[in-house]
Structures are given as structure tokens and as C-alpha cells.
Amino acid sequence: MDKSYLSNENFARLDEVIEEHKEKRGALMPVLHEAQKIFGCLSLEVQKKISEKMSVPLSEIYGVVTFYSQFTLEPKGKYTIGVCLGTACYVRGSQAIVDKVTELTGVAVGKTSSDGKFSLEATRCIGACGLAPVLTVNEEVYGRLTVEDIPGILAKY
């Protein structure tokens, strides 16, 4: 995977964020959120830098990053595909949707394509049960899907 996101410029921006927050109580969460915005993920390299600059053990940072689902250890693709596997979607065939997306993109659930174009996530209920099964691409929602719909949707991206 391309690690160009680990640029000196991004680390300089992270230093500014840490300086702004490090004297505040509860600073770790805001710093992690900002770091993820800067880098696109919280890779081990990013976590080590935060650990050193904030004097917080790396194990504590890793524990926080892996506990909260909004944080990611790997960069996401330009297009994040989420397929709902909640009950309503699952009983209406969302697993077949996941399988078709994987077949067409070569991306397994929880992974990002080598070209950085697609990430695939299995999500839980997104609150669109009446449209089941549902797939999202970034913020775009597609509902009442069949396996046959997937090639046309992916072709847009």
C-alpha cells in the first residue's frame, strides 16, 4: 500500500495539532480525530508520533484506536463501499451484494484495493430498513438492490 500519506508536511500538521491540545485534559481523542483527518488513518507510525509528543504510552493509544470504530489503522480508499448486513438487509440478500462487490473490485471486507480506489466495509443497520438491502458509496445510498445492480453502481466510480 502506498504510504505517501506519511509525508513530512502531514507530520508537521500533526505537531501543530498536538501543541494546540497537549496541555488540555482529555486531549487524546481530539488529537486522534484530527490526526485521522490529516493522514486518512491512524497507522502505527502516526500512533508512535502521538505517543512520543504527548507522553502517552503507545499501548494506550493503540487500545483507544482499536476500541472505537470511527478510527482506522489503514487508509481508506477514495470510495468507501458499505454494505449493510443488519437483519433486514441480510434476509433480503445483502451477503450476495457483498460477494458481488468483492468479485468485481477484488476487495475483501475490511480491506482497501491496492490502487487505493475502493474500501469495502460490512456495516450494521444504517436506518434504511425499508430500502433493504442497502449499499452506500461514501455518502450516496443505494437501496432495494439486486446483485444485477452492482456492476452499474460501481461503474459510476
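Which residue in β2 is the bridge partner of valine 83? I looked this up and found alanine 122.

**Entry 1: the model.** I worked on a predicted model, where local features need pLDDT of at least 70, side-chain atom pairs count only at pLDDT 80 or more, and totals for chains, interfaces and linings use all residues. Residues are numbered from 1 along each chain as its sequence is written, and side-chain values use heavy atoms, leaving out hydrogens and water.

**Entry 2: the sheet.** I traced an open sheet of 4 strands in the order β2-β1-β3-β4, with mixed pairing. Strands are DSSP runs of E with at least two residues, and helices are runs of H or I with at least four, numbered from the N terminus; two strands pair if DSSP finds at least two bridges between them. β2 (118–123) and β4 (140–142) each have a single partner strand, so one side of each lacks a neighbour in the sheet. From one strand to the next, the twist averages 20 degrees. Strand β1 (residues 79–84) runs parallel to β2, joined by 6 bridges.

**Entry 3: a helix on the sheet.** I noted that helix α6 (residues 94–105) touches β1, β2 and β3 (135–137), contact meaning heavy atoms within 4.5 Å. The direction of α6 makes about 155 degrees with that of β1; axes are lines fitted to C-alpha atoms, for helices over the stretch in contact, and angles run from 0 to 180 degrees between N-to-C directions.

**Entry 4: helix α4.** In α4 (residues 58–67), I found Ile61, Val64 and Val65 buried (under 20% relative accessible area, with exposed over 50% and partly exposed in between; 1.4 Å probe, protein chains only). They lie on the same side of α4 because they cover an arc of only 95 degrees around the axis, taken from the directions from the helix axis to the C-beta atoms. On the other side, Ser59 and Phe67 are exposed. The cover over the buried residues of α4 includes α2 (28–39) and α3 (44–54).
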